[in-house]
Amino acid sequence: MQYVPIQAKTLLSKRTSEVGWFWNERSCNPYRGCFHGCTYCDGRNTYYHSPQPFDRKIEIKMNSPELFEKELLKDGIERVHQGGDGTLLDFYEIDVPKRTPRFIVGIGGGVTDVYQPAERKYRITRKLLQKCWEFEMPTTLLTKSHLVLEDLELLSKINKADWMNVTFSVTVWDKTIQRRLEPQASSTKRRFDALQELRANGIHGGVCLMPIIPKIADDMTNLNRILDEAVKADAEFVMWGYLTLKPDNKKYFLDKTVRPFYPEHVSYYLDAFEKKWYTWDVEVVKKLRKEIKDRGLSEITPLPVPFGRNKTNLPLTKKIYHKSYELSFTKARESMERKALIDLAKKLITFPHSVTSSSNEVSSFLANLSEFQQEQLSEAIAQTNVL
Ligand code: SF4
């Protein structure tokens, strides 16, 4: 294993409003590369410029906490709590009321795990979480590691001060299959144990059942077991997603998993991913969605309202997003309607005034929507009863 400390130039991604999924508006990756070595990992694709070999050479952005703080301050965001660097100052709470609207910060994502073993050595994720608490930022985090529990206290502090959501990425319950797919990640059971512990401490959390791996881990025995474990762990949601295989991870996945362990499925994968880079089985998805619903779970993560945002627009944003989500099962994912709905949800989530009030700002917001978006918004307002 080679650890390469580096100095990053910037950290937080540009401001975007990600609707659905984690609702992140800006995100950051303190590491590059991932020791967990999942054979399907999208991060293996060269256009992410991850160090190579992907799971043996990990770059550590050593200055992540400093950059994070600098970028928040540049946005005018006030520090609310004193830093915990072990000085006498830690005993004093500084009383700075929040004035600047917050945004939802995502730590980590699909191309590196923020609780891979490097974290034990460098603790960059912990330092970033410390900053999230100091600045009272609503935060989300995605991991496949039980090591997240080592930061339980800090995660609770963020959750109490604002909002903390920890999502565990899970694909398969069976240990043998899991090792073939995710050789160095925590076992699925340990991930569920960690989720249960976090939920018992009031931290928001759930499962990202992704990717659903055709022929290898898409049987209902596996999927139902994951859903049952999610219920047992008190998950708030089970979101799910399909397998994406782009040129580099497709080759890796075929060579490391399909050919050696599932030679009978090689031709399926070659055909299914010949012209496109994702696929799903419509019947599996139908059954899975029904099972999720039957267990009273949500397919979508809860949406926090960051400080400074308008609460009235929240149920409308959710409604619009739900509609776009449902549309993806009946129309092409790229349909114009779906794009227009997502665009509307993105606009709504950051609009600081209630769209049901009357003001010049609201009039100009509405005037900038397409006719279709205006209709959809009126419908959502009528159905959501927010007037
Ligand atoms: S844990 Fe996530 S980032 Fe790491 S290899 Fe697996 S899929 Fe990729």
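**Note on the predicted model**

1. With 14 C-beta neighbours inside 10 Å, Lys215 counts as partly exposed, in what is a predicted model. Lys215 sits in the loop between E8 and helix H7 (220–232), and its phi is positive, about 70°, although the residue is not a glycine.

2. A positive phi is also found at Glu136, where the value is near 50° in a residue other than glycine. Glu136 belongs to the loop between helix H3 (124–134) and strand E6 (139–143). Glu136 is buried, because 22 other C-beta atoms lie within 10 Å and a count of 20 or more is what defines a buried residue.

3. Two cis peptide bonds deserve a look in the model. One runs from Gln52 to Pro53, with omega near -5°, and Pro53 lies in the loop between E3 and E4. Another joins Met210 and Pro211, with omega about 0°, and here the proline is placed within strand E8 (residues 204–212).

4. An open sheet of three strands has the order E1-E4-E3, with mixed pairing. Strand E1 (2–6) and strand E3 (31–32) are at its edges, and each has a single partner strand, so one side of each is left without a neighbour in the sheet. E1 and strand E4 (residues 57–61) run parallel and are joined by five bridges; within this pair, Gln2 stands opposite Lys57 in E4.

5. A further open sheet, also of mixed pairing, is built from seven strands in the order E2-E5-E6-E7-E8-E9-E10. Its edges are formed by strand E2 (26–28) and strand E10 (278–279), each of which pairs on one side only. E2 pairs with strand E5 (residues 105–107) in the parallel sense over three bridges, and Cys28 stands opposite Ile107 in E5.

6. The largest nonpolar core has 91 residues, and those with the most contacts inside it include Cys132, Val207, Leu209 and Ile226. Helix H12 (residues 336–350) gives the most to this core, contributing six residues, while domain 1 (2–294) and domain 2 (313–384) each supply at least three residues. Once neighbours within four places in sequence are left aside, Cys132 is in contact with Val105, Met137, Thr139 and Ile158.

7. Around the ligand there are 13 residues, of which Cys34, His36, Cys38, Cys41 and Asp113 come nearest. Sorted by class, this shell holds five nonpolar, five polar and three charged residues.

Technical notes: Residues are numbered from 1 along each chain as its sequence is written. This is a predicted model: local features need pLDDT of at least 70, side-chain atom pairs count only at pLDDT 80 or more; totals for chains, interfaces and linings use all residues. A residue is near a molecule or strand if its C-beta atom, placed from the backbone, lies within 6 Å of it. Ala, Val, Leu, Ile, Met, Phe, Trp, Tyr, Cys and Pro count as nonpolar, Asp, Glu, Lys and Arg as charged, and the others, Gly among them, as polar. Two strands pair if DSSP finds at least two bridges between them. Helices (H or I, at least four residues) and strands (E, at least two) are DSSP runs, numbered from the N terminus. A nonpolar core is a set of buried Ala, Val, Leu, Ile, Met, Phe, Trp, Tyr and Cys residues joined through C-beta atoms within 7 Å. A residue is buried if 20 or more other C-beta atoms lie within 10 Å of its own, exposed if 12 or fewer, and partly exposed in between; C-beta atoms are placed from the backbone. Domain bounds come from an automatic or database domain assignment. Two residues are in contact if their C-beta atoms, placed from the backbone, lie within 7 Å.
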